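This is a guided reading of a structure for someone new to it. Have the sequence and the 3D view open while reading.

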Amino acid sequence: MAHLENLVLCRESQVSTLQSLFGERHHFSFPSIFIYGHTASGKTYVTQTLLKTLELPHVFVNCVECFTLRLLLEQILNKLNHLSSSEDACPTHITCETFNDFVRLFKQVTKAESLKDQTVYIVLDKAEYLRDMEANLLPGFLRLQELTDRNVTVILLSEIVWEKFRPNTGCFEPFVLYFPDYSIGNLQKILSHDHPPEYSADFYAAYINILLGVFYTVCRDLKELRHLAVLNFPKYCEPVVKGEASERDTRKLWRNVEPHLKKAMQTVYLREISSSQWEKIQKDDTDPGQLKGLSAYTHVELPYYSKFILIAAYLASYNPARTDKRFFLKHHGKIKKTNFLKKHEKTSNHLLGPKPFPLDRLLAILYSIVDSRVAATANIFSQCLRCWVSDLQRPHGAPCSAECFLSCRRTFLPTAFLELPLITSLVTLQLLTLVGHDDQLDGPKYKCTVSLDFIRAIASFQSFQDTILLALWLWQRWQ
Amino acid sequence: MATSSVSKGCFVFKPNFKKRKISVPIEDYFNKGKDESEDSKLRFETYHLIWQQMKCETQRLQEELNKNLFDSLIEFLQKSHSGFQKNSKDWGSQIKLREIPTAALVLGVNVTDHDLTFRSLTEALQSHVTPYVVSLQSKDCPDLKHFLQKLVSQLMDCCVDVESKEEESAQKKTHCSMDSLSSWYTNVTQTDPKMPRKKRTSSQWQSPPVVLILKDMESFTTKVLQDFIIISSQHLHEFPLILIFGIATSPIIIHRLLPHAVSSLLCIELFQSLSCKEHLTTVLDKLLLTTQFPFKLSEKVLQILTNIFLYHDFSIQNFIKGLQLSLLEHFYSQPLSVLCCSLPEAKRRIHSLSDNQCENIRRLPSFRRYVEKQASEKQVALLTDERFLKEEAQSLLENLYVYHTNYFLVLRCLHQFTSSLPKYPLGRQIRELYCTCLEKNIWDSEEYASALQLLRMLAKDELMTILEKCFKVFKSSSEKQLGSTAKKIEELLAQFQSLDAEAKEEEDTSGSHSKGLQKTDLYHLQKSLLEMKELRRTSKKQTKFEVLREKVVNFIDSLVREYLLPPDTQPLHEAVYFSAAHTLREHLNAAPRVALHTALNNPYYYLKNEALKSEEGCIPNVAPDICIAYKLHLECSRLINLVDWSEAFATVVTAAEKMDANSITSEERNEIIHLQCSVY
């Protein structure tokens with residue numbers, strides 16, 4: 001038992017609960033146990049070490065890997081088969097398609113001599129994935145003991161509370177066990193537990209103290225903290241290795257490492273730069289400011305027309321359709337200022353997120369933005385079929401105006417024909433998304449998924465004419 | 001097809017394979033189009049040769065441009081993998097999170113080019129890093145099951161022998177979990193040394209990594225990616241995976257797709273490919289701005305190609321396709337394109353030209369202009385004597401060749417001067433400059449004048465660096481005609497350098513010259529100050545540097561005026577310049593609306609049936625029904641009454657019935673019409 005205490009820190013009460021639940025080897029245990037707690041609260045680790053050190057027969061399955069029912073069931077059965085059969089004999093592969101088969105096969109497998117008269121444990125890690133599988137699976141596992149009439153206990157591990165699991169039809173209630181988050185003291189204890197062999201435990205504990213001081217406010221994930229601890233430890237040791245400070249000289253060491261850790265919080269922790277790059281920086285002692293993170297590369301180079309389409313899409317997505325006439329028509333007449341915006345429209349459009357817009361609205365805005373300056377070379381517009389009817393009075397190739405688009409919304413040809421290649425390419429790049437294109441009568445609808453900053457970068461690059469700047473300016477006034 | 005069956009039903013007809021397999025040799029297509037076709041076979045061969053050369057050149061360029069990127073990528077893979085192998089006993093790496101090495105490859109928005117890049121990347125990786133390279137596309141992986149299935153099948157195809165393939169393929173379908181994959185991997189790597197394929201890499205590593213390329217990161221669903229990364233990070237110890245994300249937009253997409261819990265399992269490093277605009281510049285530089293290939297594009301064609309590139313897709317592949325199309329079209333439509341080959345070969349070909357071809361030469365507008373300038377006896381000789389014409393044509397071709405060599409040298413030189421000017425009056429890229437030069441006499445343009453004006457204001461060190469670059473440009477060519485220019489530039493440079501020395505001396509003398517201002521009253525002081533100012537202004541105009549700068553600018557100006565004549569001033573330029581811009585536009589920038597309109601409005605255009613030929617405004621009743629309906633609809637497109645429309649349609653169609661007695665009875669016809677109308 002003392003051995004177990006050394007392995008599992010700060011989880012004494014949970015361990016003793018579990019142990020008392022398990023009871024003696026041949027005792028029937030609770031049919032199902034549900035363990036939940038936040039990420040890195042030791043659920044998997046505690047269960048695994050407990051079962052291993054007590055040498056109980058158990059099967060450990062991670063549900064993420066088993067994306068079909070069949071994989072899950074077969075994995076459990078085959079692992080059990082391995083357990084029951086003696087080591088040299090190679091057990092045959094069991095195939096199992098349904099839960100019904102599983103129960104039958106399970107009975108067969110557990111008949112073996114080595115599994116008799118003791119509780120078999122099935123641990124399902126990341127049990128939340130079970131919810132997405134067949135409906136009978138979760139209730140089935142919960143009362144597996146009853147169904148198979150064998151001494152078996154199913155342990156479910158999850159990050160989600162039990163209430164979110166409970167199926168509508170009701171089920172057997174498992175024993176629910178909560179693993180609370182580690183406190184800062186616990187973290188300190190656990191982290192200092194794995195100190196490097198060449199340094200003393202106290203020295204490492206002091207380092208962990210500093211580390212937690214910096215990172216505890218943003219991150220309580222034990223795994224992540226441990227990773228960061230290992231990553232930054234060489235920097236902490238640096239003065240000691242160089243002989244500039246002794247191991248006791250905590251203050252000096254702290255001054256050395258603290259700014260470094262703060263930088264790490266902004267870069268490595270967010271995965272802006274990779275940990276191997278971080279290690280390299282440490283080694284070369286260069287300034288991490290020089291290395292740009294992933295978010296620094298925001299600029300996307302786009303072809304000329306794609307830029308315009310994207311801007312038009314943005315305007316269409318965040319602008320109420322009513323205001324189009326005012327913004328984009330040359331002779332829109334006078335609009336009364338007082339009632340220009342309805343009350344609900346006065347809330348910032350950016351808070352509401354992008355709204356879907358039909359294709360012809362996008363094209364209408366596009367026309368009014370590009371105006372006449374590209375008309376001569378723009379063959380792109382001749383591919384637009386929507387304005388077929390009204391456009392035929394004009395010579396081919398000349399783009400129709402925004403007025404024409406707004407006034408004429410007749411559907412004349414099948415809409416699938418209208419997919420402009422440029423728009424499709426923007427959709428594949430995920431800059432626009434297509435919303436609900438099942439309806440054959442309506443044209444396709446799109447949403448613009450890029451941010452204002454992105455659009456601003458493009459628009460400023462384009463040295464834009466007044467309309468867009470005005471439109472952009474008007475939104476900001478609403479905010 | 002007919003059956004002997006009495007009843008109605010569906011019958012299967014097997015296609016007659018013999019009939020289909022008649023294929024025309026490609027050369028013959030060149031024959032068909034033109035009636036006066038000449039040397040079509042020779043033309044086709046020349047086309048083929050030039051295209052092959054161009055293709056090789058582009059491939060070489062591609063490899064060269066990718067080399068840097070691939071090298072760094074391979075280095076990253078090797079380093080991260082060897083790190084995985086080496087320090088597994090180290091204290092740190094035991095505790096640290098095991099991260100999956102990931103390369104984020106930002107390739108730009110030209111998605112059509114990516115395939116080629118990935119293909120060569122796969123080859124490079126397979127020869128340098130590992131035999132196990134798998135690439136997946138988002139459309140193949142709607143969920144994790146398909147994802148793993150694809151991964152497994154591709155992996156096993158990577159290295160499985162033919163015999164064991166069948167046995168494995170049975171397994172493939174049933175087992176596509178990560179477990180089976182990692183057990184397969186350990187199997188393969190342990191037994192592998194027997195296999196000859198693996199030997200070259202086995203010397204490097206005992207267990208080569210598995211590289212997985214996700215071609216279009218943006219389109220993958222979040223869940224699939226997340227789950228896969230979580231699973232494979234758990235198996236990383238027995239299954240050394242390396243990911244490569246192909247990103248078209250920006251690396252932020254990684255953060256958008258993956259939550260922190262998942263992205264913390266990755267060790268991401270960023271790699272950026274060359275921007276496609278730079279790529280275009282190099283392609284243009286190596287394919288068009290050179291005398292290596294005789295084929296040239298006219299201004300309009302070049303403009304169309306670059307516009308499609310810059311405005312629509314940024315795709316180098318499409319650009320090269322467009323270039324190929326114009327090459328093909330040139331050799332197809334221009335009979336004199338036989339002369340579009342290397343100079344000695346062209347001279348040889350002129351000798352064997354037929355009478356018809358000679359006539360073609362005489363008909364060339366550029367040649368006519370040339371003839372008109374000659375003395376009258378020579379004119380007669382050129383128009384009547386074949387042999388004289390051929391000799392003349394030879395010398396003209398030679399002139400054309402020399403013109404081109406000089407042209408590109410001077411163009412590059414001018415580009416050196418103008419590319420550093422503020423606001424770039426003549427364009428930042430050499431292609432813009434080239435377009436203007438092709439179009440007209442560049443020295444007539446306002447931009448050129450303003451550029452010269454700006455040049456006259458350059459500082460000395462700038463001017464000297466530009467001159468040095470120009471000197472290098474001229475030095476690199478071995479042409480004799482412009483050898484003197486190089487010498488002249490060298491002289492100018494030397495003069496600039498001597499200026500330095502002189503300036504120092506001058507400073508010394510002027511230092512002694514200036515007397516301190518003597519104590520005077522205000523009026524005198526003002527006066528003397530004014531005098532000094534005047535003196536400075538006049539003397540400024542006469543500094544040696546300014547004289548020299550003026551000289552340089554004039555020198556460049558004279559070069560431009562002498563050598564940068566637009567190509568249509570050159571006789572016989574039609575043989576090498578492709579100028580049919582509208583054909584190219586029709587092919588590359590398809591306009592479905594216009595095509596549909598033409599088809600409906602004027603069915604003769606596509607159907608080529610004489611009966612359909614009609615005058616404007618008249619609706620032939622023999623036209624396809626939909627054309628008639630469409631034309632009627634055009635007559636009143638604003639508002640149309642369905643009854644009127646059908647009525648008018650019936651009138652038009654039945655109008656023929658009265659004249660044509662032996663066709664089906666009008667009643668039957670009406671029925672058909674009603675049926676069709678109800679369909680519309």
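The model shown here is predicted. A place to begin is the surface of chain B, where B:Tyr605, B:Tyr606 and B:Leu607 form a nonpolar patch. Together these residues have about 340 Å² of accessible area. One of them, B:Leu607, belongs to helix α29 of chain B, which spans residues 604–607. Is B:Leu607 buried or exposed? Its relative accessibility is 52%, and because exposed means over 50%, B:Leu607 counts as exposed.

Of the 479 residues in chain A, 51% are buried. The accessible surface of this chain comes to about 23,200 Å², and carbon and sulfur atoms account for 53% of that area. When contacts in chain A between residues at least 6 apart in sequence are considered, 72% of them join residues at least 24 apart.

Within chain A, helix α5 runs over residues 99–109. Which residues of α5 are buried? They are A:Phe99, A:Phe102, A:Val103, A:Leu105, A:Phe106 and A:Val109. The cover over these buried residues includes helices α4 (69–84), α6 (137–142) and α7 (144–148) of chain A, along with strands β3 (120–125) and β4 (152–158).

Further along chain A, an unreviewed UniProt entry carries the annotation "domain: ORC5 lid" for residues 204–271. Over residues 204–271 the chain is 74% helix and 0% strand.

Note on methods: Residues numbered from 1 in each chain as written. Chains lettered and ligands numbered in written order. Predicted model: local features only at pLDDT ≥ 70, side-chain atom pairs only at ≥ 80, totals over all residues. Heavy atoms only, no water. Patch = residues over 30% accessible without salt bridge, like charges linked within 9 Å, V, L, I, M, F, W, Y side chains within 5 Å. Areas by Shrake-Rupley, 256 points an atom, 1.4 Å probe, with all protein chains shown as cover. Salt bridge = Lys/Arg side-chain N within 4 Å of Asp/Glu carboxyl O. Helix = DSSP H or I, 4+ residues; strand = E, 2+ residues; numbered from the N terminus. Buried < 20%, exposed > 50% of the residue type's maximum accessible area, 1.4 Å probe, protein only. Contact = heavy atoms within 4.5 Å. UniProt positions renumbered as here; feature names shortened; annotations may be inferred.
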